[in-house]
Structure formats: C-alpha cells, structure tokens
Amino acid sequence: MQLLMLLVELALLELVFMLLLILQQMKKLLEQIKPPERSTVVDLIGTTNEIERKIEYHFFLSNMLADSIFKLFVAVFEVGQEFFISLIYAWKLLNWAWFKPRKLDKCLRQQGLKGNSYKLIFGDLKELSKSVENAKSKPLNVSDDDISPKVLPYFIETIKKYGKNCFIWAGPKPMVCVREPEAIKEVLTKYGVYQKVELTPPTKLLAHGIISYNEDKWAKHRKILNPAFHMEKIKNMLPVFHLSCSEMVSQWKEAVTEKGSCELDIWPYLERLTSDVISRTAFGSNYEEGRKIFELQKEQAEHVTEVSRTLYIPGWRFLPTKRNRRMKEIEKEVQAMIRGIIDKRVKAMKAGEANADDLLGILLESNFKEIEQQGNNDFGMTTQDVIEECKVFYIAGQETTSVLLVWTIILLSRHPDWQARAREEVLQVFGDGTLKFDGLNRLKMVTMILHESLRLYPPAEALTRRVTTKTKLGELILQEGVMLTLPILLVHHDKEIWGEDALEFKPERFSEGVSKATKGQMTFFPFGGGPRICIGLNFAMIEAKTALAMILQRFSFELSPSYTHSPQSVITMQPQYGAPLILHRL
C-alpha cells in the first residue's frame, strides 16, 4: 500500500511540475508583449496623418499580441503533450501494478478460486524464492519419490492452504493451477488462446527459439525444423548415438578396478554423453569442439534460473552488475561461436562440399527449400533465427536426455529386480553385440521403465501459459492477462489419477502403452502435448534407449552410500549432489 501511495504522489508531483512549466512559459511570452519602442512610433507619426497613425499603431500592437498568443498556445500544447504522455505512462504503470491485478483477483475469487492477497508488484515471488531456497537445503530420504514438496514447495504449501482450486501471484499476474486432464488438454490444444509466456530479456539470452515463439513465427519455424526430426533421419543418427555411448562406457570400464567394481558419479558422464551426441548429430563435431559452448550454456542456465525467481524490472539488465555483465559476455561468446559454425557450413553447402545429414545441415537445407518455393526470404529463417535454434539444440537436446537417463539409472539402482529384467531383455534382443534400430523398438521393458521414470521425475516440473483473450476453460471464465501453470509433476503423482501407489516405481503401468495407462486422458505429458509437443521427443527416447541398453549390457549398479537424494530444478530437474553409484563390471 505504501508503494501505491508513492506512485500516486509521484504522479501528482509530475502534474504540479508540468503546471509550473506552463506558467513559466506564459510569463516569458507575456513579457515579450510590450509597447513598441519610441523610435517606431515616431517613424509612424512622420509617415501619415493622425487617424492613419493610430490605426497603423493599433494594427501593429494587434499583430504582436496575436503572434505572442499563438506562441503561447504552441508552448502550452508542447508542454501539455509531454504532460499527457507522462500521464498515460503513469496510468499504465498504476494499471499494471495495482488496478488490473485487483480486477483479476476479484474475478478469480468470485468463481471460487483462492490464493494469497495480492502484494504490490512482487506478489508471492519473495515467498516463492525463499521456499525454494529452504527446500534446497533439505535432502530427501533415498527411497522417497514424493519429490513435489522439494521441487514445487510453494505450490504444495498453497494447495495445502487453499485446496486444489488455487492460484499464486507471479509478480502482478495471478497464476492459476490447472490440474484437470480435460482442461490441460484444452490448454495444450488451443495454443493460439493459451500462448507461451513472453520471455524476459535475461531469459532470452539462454535460448529463444521454437520453444518460446507463438503464432506465425512458431508455425514457420516448426515447419522448417520438422524434417530434421523425422524418424528416418533419427534412424540414420543411431551410429552417432552408439559411438558416443561406446566412448562413455569405455571410460567407465577403465575406472573399474581389477576387482571389477568402483564408485563413480555418473552425472557428469551423462552430461558429457548427451553433449557429445548433440554436438555430433547437430553440428557434425565432437564433444571436445563443442565443449566450450556447453560449459557457457550451462553457466548461463544457472544465471537464468536465479534471475527468474525474482521480478524482472524493465531496464535492470542494463545496470553493470556482476551477473548482468557475465550473462552478456556469455551470450556474445556463444553467438560468435555458433555463427562461425553456421557460416562455415553455409559456405561449404554452396560449394557442394557439406554433409547435410546432421540437424544443422537438414535445417539449412529445409530453410533454403522453403525460401526457394515461396520466392521470398520472409518465409525462411534469418541467420540470427538459425543461431537461436542452435542454442535450443544445445540446451534442450542435452538437458532433457541427460536428466531422463540419470533418474532412470538411480531408480534401477534402487530396484534391482527391474534392473535385472531390463538387462535380460537387452541381452535377449542384442546379446553383447552392436545395437540395431529395429531391435530398439522391441525393447518393451526398457520403454516401460523410461516412461515410469518420466512419470516420477519429468524433466520439467511444470508448463506455463498466458491467456491472450477472455475465454472459458471448463467452468472458469478467464480474463486476458491471467497466467496458467500445468504442474506436470503434481499430475503425474496424483493418487486420484494413478491410484494409491502413484508414488511407487511400477513400470508395469505402461505394459500396454501410454494411451492405455492414461485411459486416453492428458495425465502423462513429460514432453508437453498437443500441436506444440516437444519436437525432439523421438530423438530423446531413441538416445536414452541406446545409452541405457549399452550400460545394461556391460554393468550392474547400485546406489553408493554417499548418494544424497536431492532433486532440484535448474531449467530441468537435476540431482543437486550428483549421482554416485557402485558399478560392477559384467
């Protein structure tokens, strides 16, 4: 309330200041309206008779007065124009910070939704950030898969306080929690009404491509990118998956002692594995060449995660803080490195020397075809667009698969019976030989395990959307400006949907496929859903199957006593203290 009063006082002070400027301008102009000099009058007397002299003298004064009044009105208009522009901005600020949030709050509460009272500008962000920090300091029991209170602590507290029909304040915007399967399906299907949230400038530094675009730009990029992720193209990438996995497995073999076992934190290895895979499949390079980009993007992700927990203030990014400077340095370096890769590839393609089998080559080829077919560059991507999509390749292609693998292996370490069953299936299909694409499709047990891992530990804990126009969702009337959160983790762990054993690791749920397990409802969506479902879904699943199968062929594993169970969200859900295992060579 004090901040609101301060805003009102500032607006009033600006009004007074503008009035003073107007009065000052009027005074200056009126001072200019004075009788003509004596010499001028004498000149008039000497040129005509007395009546004519008076007429000309008054005509002269009238001209001066009219000219001065005109100047006064111009000055008043200019100052007034500035005043009204300032007044408009002041109103917009007040509306954004107070009036609109209050209106949305009233509308939601009238429909039975509950949440905390709105706190000016910041809403619940301070409490949300504090709850996340508190949760990070409290590891879970090793066997506890109820990770919601740790990963989504503030949402859990809000639900306990107000029930499932609740909302929180993401700054001055209410964020409604949507958990009903039909409502989730509608939100993900009607992507024109429920759009991706506009990224803040600091967040855009990490990746700003197809994952964040809306409407026509998203449709254009999706069309151009689709050919790169066709199953036939992914099938051709299997040798690359195999090569990168073989290198990692060889490193693990070297780490195992003569006794045939060792303790190893597998998390850094899995990060390097998926980084190597995306480097080779996207850019035809190996991990060593792409390592710097990955290191920089990983650091940028940590900065973005911290920044996103506070309210973004327009213009704040221009302040020369240590974090702002570092984020800009990273962005500049990453942009330059990727641009160099793209420029070399375009030059080689024009010379007929390039290989178009990797993601970048397929993307550029698809882009050229689209421009050629439409006869207009506007239908294609610019070089900057391609750079942003390459950044998405790096962050999404690497992060998603690495976290899927690490949580799957941790779960199999805790459930040796399922580990044994999965290994038996892999050996039955491939023996100890090279993996084939058709064989991967026959790994039913492995697929069930990966799906159950995605249910319990989805890469992203929630999806966020914004309402772009007044609309009806179920029984709710939602106004433009309302935010929606689709809490993937909470839906995946909901006992009303999955049964009393929802928090238990039971891959048999998916024995007849995802559709049967979910009864055709939108209750399992680790990669999103609807037309905007993750374009790299098949890529990630084939890569994960390949890596897991090759590990199972060569090792058995169990959790190390030093393992600390502490999932945390850093863009994706990661193990805060790594994943140390005891590896046994087979």
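Helix H11 passes helix H12 in a right-handed crossing, a crossing being right-handed if the near helix is turned clockwise from the far one by less than a right angle, and left-handed if anticlockwise. The model is predicted: local features need pLDDT of at least 70, side-chain atom pairs count only at pLDDT 80 or more, and totals for chains, interfaces and linings use all residues. Residues are numbered from 1 along each chain as its sequence is written, and side-chain values use heavy atoms, with hydrogens and water left out. Helices (H or I, at least four residues) and strands (E, at least two) are DSSP runs, numbered from the N terminus.

**The helix pair H11 and H12**

- H11 spans residues 238–255 and H12 spans residues 266–283; they pack at an angle of about 155°, with their axes 9 Å apart.
- H11 is therefore roughly antiparallel to H12, a term for angles over 145 degrees, whereas under 35 counts as roughly parallel, 65 to 115 as roughly perpendicular and the rest as oblique.
- Axes are lines fitted to C-alpha atoms, for helices over the stretch in contact, and angles run from 0 to 180 degrees between N-to-C directions.
- Residues of H11 in the contact (heavy atoms within 4.5 Å) include Val240, Phe241, Met248 and Trp252, and those of H12 include Ile266, Tyr269, Leu273 and Arg280.
- The residues of this contact divide into 11 nonpolar, 3 polar and 3 charged.
- Here Ala, Val, Leu, Ile, Met, Phe, Trp, Tyr, Cys and Pro count as nonpolar, Asp, Glu, Lys and Arg as charged, and the others, Gly among them, as polar.

**The five-stranded sheet**

- An open sheet of 5 strands is ordered E1-E2-E8-E5-E3, with mixed pairing; two strands pair if DSSP finds at least two bridges between them.
- Strands E1 (167–170) and E3 (194–196) stand at the edges with a single partner strand each, so one side of each has no neighbour in the sheet.
- From one strand to the next, the twist averages 35°.
- E1 pairs with E2 (residues 173–177) in the antiparallel sense over 4 bridges, and Trp169 has Pro174 in E2 as its bridge partner.
- E2 and E8 pair in the parallel sense over 3 bridges; the bridge partner of Met175 is Met483 in E8.
- E5 (residues 463–467) runs antiparallel to E8, joined by 4 bridges, and Thr464 stands opposite Thr485 in E8.

**Cover of the sheet**

- Helix H6 (residues 153–162) lies across E1, E2 and E8 (483–486), running at about 140° to E1.
- Both faces of E8 are covered, with Met483 and Thr485 on one side and Leu484 and Leu486 on the other, all buried.
- Buried means under 20% relative accessible area, exposed over 50%, and partly exposed in between (1.4 Å probe, protein chains only).

- Ser366, in helix H15 (residues 359–374), is buried, with a relative accessible area of 13%.
- Leaving aside neighbours within four places in sequence, Ser366 is in contact with Lys223, Ile224 and Pro227.
- Ser366 and Gly380 are 14 residues apart in sequence and 9.0 Å apart in space, C-alpha to C-alpha.
- Ala135, in helix H4 (residues 125–136), is buried, with a relative accessible area of 8%.
- Not counting residues up to four places away in sequence, Ala135 touches Pro149, Lys150 and Pro153.
- Ala135 and Lys150 are 15 residues apart in sequence and 5.2 Å apart in space, C-alpha to C-alpha.
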